[in-house]
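Open your viewer and get your selection tool ready. We will walk through a few stops together, one selection at a time.

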Amino acid sequence: MKFTYYPGCTLRTKAKQLDIYGRKSLEALGVDFEEVKEWQCCGAVYPISRDEVATKLSAVRTLNSAKVEGEGKLLTLCSACHHVLKRVNGDMKNDENIRFKANNYLALEEEYAGETDVIHYLELLRDYVGFDNIKRAVKNPINKKVGAYYGCLLLRPSKELAFDSPENPTIIEDFIKAIGGTPVIYGMRNECCGAYVSATNKEIAVKKSVKVTDDAMGHGAELLVTACPLCMYNLTENGNKKVPVYYFTELLAEALGVKE
Amino acid sequence: MQKLNELALEKAKTLLANGTVARVLGWKKGELGYDLEPAVFYSESDLEGFIYNAFSGANLSKYLIEESKKEGKVLVFLKPCDSYSFNQLVKEHRIVKENVYTVGIECQGKLDVKKLKEKGIEIVDGVIENVDDVTVISLGKEYNFVKEEVLLGKCSVCEKHLLSYDEVISLHDKRTPKLDRFEIVKKLEAMTADERYAFWKGELSKCIRCNACRNVCPACNCLKCVFDNDASGIASKANSDSFEEKLFHIIRAFHVAGRCTDCGECSRVCPQAIPLHLLNRKFISDINRLYGEFQAGEDDVTKGPLTAYTTGDAEPSEVFGGNK
Amino acid sequence: MDKLEQVKLVKERSGTDARKCMKCGKCSGRCPAYNEMDVKPHQFVSYIEKGDIDKLLNSKSLYTCLSCFACVERCPRGVAPANVIEAVRQEVIRVQGENKIQAEKVPEMIDETIPQQLLVSMFRKLNK
Amino acid sequence: MQEIKKDYKPLIVAFCCNWCSYAGADLAGSSRLSYPAEVKIIRVPCSCRVNPTFILKAFQRGADGVIICGCHPGDCHYTSGNYFARRRMSLLFSMLDYLGIERERTRVEWVSAAEGAKFSAVMNDFAKTVTELGENKRLEDLRCKN
Amino acid sequence: MQRIGVFVCWCGSNIASTVDVKKVAEVLKAEPGVVISENYQYMCSENGQALIRNAIKEHSLTGIVVCSCSPRMHEATFRRTAESAGLNPYMVEIANIREQCSWIHKDMEEATEKAIILGRSAIAKLKLNAPLTSGESAVVKRALVIGGGIAGIQSALDIAEAGFEVDIVETSPTIGGNMAKLDKTFPTLDCAACILTPKMVDCAQNEKIDILTYSEVESVKGFVGNFKVQIRKKARFVDEKKCTGCGECMQKCPSKKGLNDFNMGLNTRPAIYIPFAQAIPNVAVIDPEQCLKLKNGKCGLCAMKCNVNAIDYTQKDEIIEREYGAIVVATGYKPISLENFNEYGYSQYKDVVTSLELERLMNAAGPSEGHLVRPSDHKEPKVITFIQCVGSRDTSGCGKPYCSKICCMYTAKHAMLIREKYPDTEVHVFYIDVRTPGKNYDEFFRRAVEQYGVDYVKGMVGKVYEENGKLMVQGADLINNEQVVIPSDLVVLAAAIEPSPTVRKIATMVTASIDTNNFLTEAHAKLRPVESPTAGIFLSGVCQGPKDIPETVSQASACAAKVIGLLAKDKLKCNASVAHSDETLCSGCSVCANVCPYGAITYVDKEFRLGGGKTELRRVASVNPAVCQGCGACTVTCPSGAMDLKGFTTGQIMAEVDAICKR
C-alpha cells in the first residue's frame, strides 16, 4: 500500500525539521509513501458556514490528487490540515450541494465524491504499522514521563473526525508507550491552547496554555508531545515555559534512531 | 464473448454428466437467429440446441417456480438481472432454492430485436459481441453498432451486478451504463399533468390485453391472477372500456411494487411496445425517495418497503407524482 | 438588509437547528473561553432562535471563541453553537470594510517562531 | 378546466376506519355539523383494509372523488394499520398523478373519534375541491354509468 | 336467493323529521331479494325488536338490514335480536341514516335520497354476508411471568391470590431485581429491603407460585390461552432442593476474586455464592467461569465442606416445557453503559459513580456496610456533586432520547439522605429541569432544597477532571449566568435507564411489538396500557416505559387483573371477523405475515390434489382465528387476493362501492 504524503505549509517551511523527522521515520518503519505533487495549502481552518464552497476548493484539489495520483490514502502530518481535509472530504461525500458546486467549479476529469481516505500520521502508526511493531523498532527509548497534548482539532467533532474517544483518547498515550516513555494522563490534555486567538488576544492564549502546561506538570509530566504546530507554538510561547513541548515526529525519529 | 457460450455449454455438460443436476434451464436457438427461447435440456444431445449470446435476453428465473419443484436438481444460468428476480422469488418461497444449481453468467447487455429491425436487419446469421460494441452478420453482411444503439432499454441502464452463486462464468468487468435509469421518469414528472395524461393515454390505449407482460413478469407469479378471479371484483379477460387498461396496468404495477426488481421483461415482450417499465420505475423511484434506497431481490430476506413503515413516513398529501 | 432575512440567513449558514436546543447549558458548561465571552455559547443559540441578532453582531465573543468545537461535541441535542457563532462572524466580516485584520499589519506580527498556520487561520477567521 | 355544470353534484366515496374516523363522522352527526349529502361513507375496520382496487373501482363506477380516513398515525387501533395505509396511498396517489389524473380527487385524512368538527370540515373542503374539478373524465372516457 | 327484511327506524323525529322513512321503506322493498320492508318509530325498543323477530320467523328471512342510528350504537342490539329469532347474528347490516344522514342534512329530498342509497348499499353488502361463528379455544389456567423484579413479583402474587398458578422465570440466581439493590425508596424513605423482602418470601411460600431462577425463556409457541413455552434452567451446580443456604461453602472457596454483580462490581465474591443474604431462593450457585474445579478440575473444597451434599459439578442445563394461558413480560431495566460520556470521567476516575452504585455504597448490606466512603481511598467525601440527565433526553446519538423519569426523584433522595446522615457534607446537583409530577413528589424535592440545604444548580456539566486530588466539576450555572467549577470528592451520575437487553429476544418470541428504544408497545397508549397488541401478552413495569416503584406496582397489579380476567374464562370466544386465506389461491409468498401486527399468520406445507391421482405439496398461509384481530392489513398486501377478511370481504366492499356509485 502506498500513501500520498501531505506535509502542509507550516511543517514544510517554519518547522522543516519536523517534516524531515516524519519522513525519516516512515522510511525506517518501511512505509511506502510519495508526496502530493504541487500541493496547495489546505486552508488552515475548516469553513463551517454552509454557504462556503470556494474556500474549500484547495482542499478538494489535494484530496482529488490523492485519488488520482495515488491509491486514495492521504497521509496528513498536522492536526489542522487533517481536520480541514477530513471534514471537507466528508462534505464531498455527504453534502450534495457542496459536491455539485465544487465539482462544477473544478471541472475535474472525473467527479470527486469523497473517495479518498484521510489518514493522520498517528492513525497510520496505530492502524497500519501497529504500535507493537514500533516498539520493536525503537533503538533509543524515551524513558521519560510524557504528557500527551491532544488539543481540539484531532478529536472534535468526533462524529466527523472519528479519530479517538473525544473525552478519553488513548492514541498518543499508546504512542508514548511504544517509544518507551511513560504516559501522564491529565485533565487538560484535550482543552484548547488558545488557537489562532493568540494572534489578536495573547492574554487568552496565555491563560489557556498556562493552564495546560501547569496541569501536565502537576501530574508529573517532564515533557509534552503534540501533533499540531499551532498548539506547539502556543504551549511553548504562551505556556508556563517550564516544560518542553515536542512534536511527535521528533520524538519518534529520536526513538527510532534516525534523528541526526 | 463467444467464449462464454462455450464455457456455459461445457459447464452444463459436465454437471449433467456427473449427476450434479438432472436438467439444465437455458436458452434454445430459434429459427431466425434472434428468436431465442427459454428451454430445459435433459441430456448432452439436447444441449446441442443450447446457446448463450447477445439475444439471451429472456429472464429464466420465473421458470424455476415449476422446475425447482421437480425431482432432482436443475442447473440455471442467471444473468445479473435474472439473479435479482431469483432472490426475490426465493424470498417469496416460490423457488425451492435447494433444488437449484445456480451459475451466474456475465452479461454486457442484450440486443433489442425491434431496434435491429428498425435498422433493416431481418435475419441474423451470427453475432460477434464485445463489451462496448457488437457486430451483427445478416445475409453475409456485417453491421457494426455501438452498444447503446441496439441494446434493450433495460440493458442500457442496467446497474445490476453478479450476486452470489454456486459458480460464476465471467471474463470481463461489467460495462457501466451510460444512461440514468430514472431519466424518462424524471422527464415525465417534469411535464404538466395534461402532457402526462396525453402521454399515457396514447401509450395505454395501445394495450390489447394479450397479458404477455403479466405472463413474463417474475413478480407476477400468483397461482391465479386477480384479473382471472371473479371473486376479486376486478376480473376481466379483456378491456371492456378504456378504463380497464388503466386499471389493469395500475393494479399490476401496484401488486409488484416493492417486489419488482426492474428486470424490464414487461417492456421487452410487449408486442405494442408500451413502455410498461416506466410504471414500475415510478414506484421504485418514489420508494427510493420516500422510504430510502431499496432494490428488490438484492437479498432474499429484507422486508419489502410496502410491508414495512416508519412512524415518520411522508403523508400522502405531501406526495406528488410530478409537477403540481 | 431586513433583520428577519438576516436571521434566516445566519440560521441557514450555521446548518444547525436552534429549536432542538433544550436549554441545558452544557455547551456553556464545557466552553474553555466562557469567561472571555460577553454573550455565552448557549445564548447564541437562544438569541438566534428568538431572532435577536443585534446582540450577537456586536458581541466580543465572536473574537474570543476559540473554535475548539467542545460545545458541538457535547451538545446532547445535536445543536452546534460554534456554527452559530461562526455564521454570525461571517455576517459581520462579509460587510465591506469590516475586516478585523489589515493585511499590512501582518508583517509586523511575523517573528522567528510564529507558524504560518496561525497567520492563515487568523486571517481566514477575521477577514473576507 | 371544464365548465362547471350548474347543478353539478359530485359523487364522493369516503372509506372510514371503524375505530376513529367512522366514530368521528358519528360525532359530526350528533353535533349536527353538516357536510354535503354527496359524501357516502363505507365502514372498514381499518384504513389498511382499503385496497387500491376499491378506489379505482369507485372511479370506474362513477365516483368523482375518493377519500380515506383513518386514525392518526400512532393511534391505530391495530397499532400499525394506518402506517401501511399511508405508504400504500402515498404510492398510489403519486402514480395517479404521474398518469396525469387530478391528484385532488384522492385524499387521505386522519380523523380521530373526537374530531367531529374536523370530519365535517374535511368533507366540506373535499366536496368543494371535487366540485370545482368537475366530473371525473380523466380516468376513463367510456365510463359505464348505468 | 336470500330473503331479506328491511327495517327503517324513525328514531322518533330524529330521523323521520328529515328523512321520509316511509318512502325509504317503500323504495327498498322493490330491491331484488327484499321480501319485507317495514318502518317503525323506535326499532331498538322492545316492540321494535319484537317486530323484527316476528318478521324473521314469519318470512323465513335469511338476513336483515336495519336503517337506523350508527352501528356503533345498536349493531350489537340488533345482532342479539336476530340471534334470538334463530338468525345468525352476522346476517345483520346497519344503514347509518341518523348520524351520517338525517342529523347532518336539512333538505328532506336530499336526505331521503341518501338514506335510500345507504340502504341499498347495506342490502348489497348483506347479499354477500355469510353466517359467521366465532371460534372458541380452551384456556390453560396458568400464567408465566418473565422477570422476577418488583413488577414480576407483584403480578405473580396478585395472580396467585386469585387462585391461579404462576411461574416466575428469572435469569439471575435470585428474584428481587433492581429494587433489591436499593437503599431507601422515595417519597417516604422507607427501606427497600423492608418492603421488598416480605414480598419475595410470600412468593417463595405461596404454593401457587413456582420460582425458576437462573433460568431463561428459550422459545414460545402457540397463542392466547394456549402458549407452549420452553424454559432453560441453567446449571447452577448446586442441588436447589438440598442446599440450606448455610454459606459454609462461600467461606471456604479459594477463588474469591469474582466481581460482585449485586454490589455493582464494587467488591468481590467467591466462585460459589449466594447473591445476598435475603436471596430467594436462598441457595448457592457456582460461577463456572471462576470455579477452579469446573475450569481445571482441581479443588472441590465446597463439595467437601457441604454437609448436605448439595454440590453437583456434573449438573447440566435443563429444558423445561410448560403450557400457559397468559404471559406477563416484566423484564425491567438496566442503567445504560456510560462509554459515550467520558466527559464525566466515569471510566477515568474511581470516585465518579452511578446512582445505582451509590445505592450500594449507602446500603447497610453493601460493600462499605452503609458507611458512605469514596471507592478510591475509602475516605468520607466532604463535597458530593450529582449530575442529572446523564444520557437521558439525548438525541445526539450518544444516549437515549427519552426522559428516564426516576432520576430527579432518586437524586433528591440521595442528596437528602446524605445531608441528613452527614450534615457537614456539601451537596450540589446539576439539573436541566427537575421533573416531579406525582403525589408528594414535588414536596419531597423541595424538602431537599429548603430543609436539607441541597444546592441545586440549573445547568449541565461540561467536564469533570482531576486536580490536586479533587474532582473538578465544571458546568454552567444558567441562573447566575456563570461557569462554575466545583472541587468535589465524589461525583454521582444519574445514568439513563434502558430496557433489559433480553427484551428484544423475548418480544420476538412472543411477537410483541417493540419501539425504537426497545420498550414494548402497549395495545393502546391510553385505554389498554398493560396489554401488548398480541393477545395474551401483558406488560408489567419498566419493559413498557420508564417508571418508578409506585407506578410499577400499580401497573403490575393492573396487569395481573387483566391476566386474571383472561384465566377466569374456560373458553375464549374469538373475534368472528377474521382473516382467512383461500388455499387454492395462496402461493405462500409470505408477505402477509410481514404486515400482521399479531403474528396470527403462519405457513404450512399442505398436500393438494392435482387430478390424475397426482398430489402436490404447497406452502400456504394459515390464519389463527384466535389471534387475528381483523384489521385487514394482510388482505391488501396479498397480491393474489387469496387473503380475505370475513365480514368485510373484498366482494362485500366492492358491492357497497357499486351500490353507492350507481346513479
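Predicted model: local features only at pLDDT ≥ 70, side-chain atom pairs only at ≥ 80, totals over all residues.

Residues are numbered from 1 along each chain as its sequence is written, while chains are lettered from A and ligands numbered from 1 in the order in which they are written.

Now select strands S1 (12-17) and S3 (65-70) of chain D, which pair in the parallel sense over five bridges. Strands here are DSSP runs of E, at least two residues, and helices are runs of H or I, at least four, numbered from the N terminus; strands pair if DSSP finds at least two bridges between them.

Next, show helix H1 (21-30) of chain D, which packs on the sheet and touches S1, S2 and S3 of chain D. Contact means C-beta atoms, placed from the backbone, within 7 Å. The direction of H1(D) makes about 115° with that of S1(D); angles run from 0 to 180 degrees between N-to-C directions of lines fitted to C-alpha atoms, for helices over the stretch in contact.

Zoom out to the open sheet of chain D: four strands, ordered S2-S1-S3-S4, with parallel pairing. Its edge strands are S2 (39-44) and S4 (106-110) of chain D.

Finally, colour chains A and E, where five residues from chain A meet seven residues from chain E.

Technical notes
Contact = placed C-beta atoms within 7 Å.
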